[in-house]
Amino acid sequence: MKKMRIACVALALAVGLGCGGQAWGAEPTEPAAQAGATMAVDMEQRILTDRIQIRQVVNQADEHYLLASVPNGQTLRLDFAVEGEEAALLVDAQTGITADWAAVQAGDWVMLNYSQRPQGNILHYLLLNLPEDLPNGLFTVEDMAGLLESRILVDNGRLWVRLPKGVWLYPEEYYALSLGVGHQVLLWYEVEDDSQQPAQALASKMLHLYSPQEILQQKQDKQRADMYYNDLQTRHLLVNDVELPDVVRYVHGEPYLPLRQTAENCGFTVEWLAEDEAAILHKGDWQARVVPYKGVFWLAGGDEQAYYGLPRIYDDTICVPAELFEIFGADISVSGQTMIINLTN
């Protein structure tokens, strides 16, 4: 079946961590888009080019446009916005990571999605670092469904795309976010049945779009997971160069540390109030109350703050989640079987 190249309609980049579950809904009955190497979507004449070369990029305070060479030898001018809902989106087509205009240079080969308007051509998105097999386009996920196999609805309700196992690609150094309605994806697919409404297609590859900020957050989340959930490999503790062997305990996969030993080596004074059944931590003007099986509480900005992790008692020792000391300002890392905590202030 011949490939269809369909321009996407909605281009607002998702910034959340994804929907917790799939969205289920009736399948729209809009007519399927017609096949074509390059085509325009109705309503706005959106056009997705094949490979096209950038001749010039003008990105100044009051002027934003690019010039590109088209196959007939003419020059195509595309104006673009840098802010707001109409802001042009730049995406690395081999990673799905969004870029900024510093990444676009004269001479680059790119794919462009734009619309023809009375006031001029308006750029919607630009794909950089093109692979040999060009994507069918950038799409917003409009609905999700599937039992044995996931499907997403895209292209303004015109196309259901099946996502077999293994087609969702993302770099190994960070986790994949949950795919959700409103998220954006680059898709490679073959149309299997265009007689239905919507048409049915099978994806060969999909890239989920991420911003650099999301990539950073994912890396931080992975580092946190390596520190706090590492298959019970961490046993020992090193606090400000003081060794505390075999003190790390695990509760539901999360490491717990002895409160007094850890806190005192971090410079806290620890006092047990028997009448309140609580431990009080002091350091300078800072004070926290640790109540076993209830929580950790302190004042900040005149309001009481609480930590969700529950302190517990083991062998007459109060133990708290290791993450608590990171909240207190400590730097935490893991080396082999040792968790390292440094807090000097």
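**Figure 1. Salt bridge between E264 and R260 in helix α2.** The side chains of E264 and R260 meet in a salt bridge, at 3.2 Å from N to O; a salt bridge is a side-chain nitrogen of Lys or Arg within 4 Å of a carboxyl oxygen of Asp or Glu. The two residues are four apart in helix α2 (residues 259-265), so about one helical turn separates them. Helices (H or I, at least four residues) and strands (E, at least two) are DSSP runs, numbered from the N terminus. E264 is partly exposed, with a relative accessible area of 40%, and R260 is partly exposed, also with 40%. Buried denotes under 20% relative accessible area, exposed over 50%, and partly exposed the range in between (1.4 Å probe, protein chains only). The model is predicted: local features need pLDDT of at least 70, side-chain atom pairs count only at pLDDT 80 or more, and totals for chains, interfaces and linings use all residues. Residues are numbered from 1 along each chain as its sequence is written, and side-chain values use heavy atoms, with hydrogens and water left out.

Figure 2. The structure holds seven salt bridges. In one of them, the side chains of R77 and D79 meet at 3.0 Å, N to O. R77 is partly exposed, at 37% relative accessible area. In another, E86 pairs with R117, the closest N and O atoms being 3.5 Å apart. E86 lies in the loop between β5 (75-79) and β6 (89-92), whereas R117 belongs to strand β8 (residues 109-117), so this pair ties together parts that are 31 residues apart in sequence. Both partners are partly exposed, E86 with a relative accessibility of 43% and R117 with 23%. Side chains of opposite charge can pair when their charged atoms come close.

**Figure 3. Patch of negative charge around E275.** E271, E275, D276 and E277 gather in a negatively charged patch on the surface. Such patches are made of residues with over 30% relative accessible area and no salt bridge, like charges being joined within 9 Å. Asp and Glu count as negative, and the place of the charge is taken as CG of Asp or CD of Glu. E275 occupies the loop between β21 (269-273) and β22 (278-283) and is exposed, with a relative accessible area of 64%.

Figure 4. E323 is found in helix α3 (residues 323-327) and counts as buried, at 13% relative accessibility. Leaving aside residues up to four places away in sequence, E323 touches R224, Y228, E254, Y307 and Y308; contact means heavy atoms within 4.5 Å. In the protein, buried residues make up 46% of the 345 residues.

Figure 5. The peptide bond from Q197 to P198 is cis, with omega near 5°. P198 is located in the loop between β15 (184-193) and β16 (199-208). N240 is not a glycine, yet has a positive phi of about 45°; N240 lies in the loop between β17 (236-239) and β18 (242-244) and is partly exposed, at 23% relative accessible area. Y293, likewise not a glycine, has a positive phi of about 65°. The loop between β23 (286-291) and β24 (295-300) holds Y293, which is partly exposed, with a relative accessible area of 46%. The secondary structure of the protein comes to three helices and 29 strands.

Terms used. Patch = residues over 30% accessible without salt bridge, like charges linked within 9 Å, V, L, I, M, F, W, Y side chains within 5 Å. Areas by Shrake-Rupley, 256 points an atom, 1.4 Å probe, with all protein chains shown as cover.
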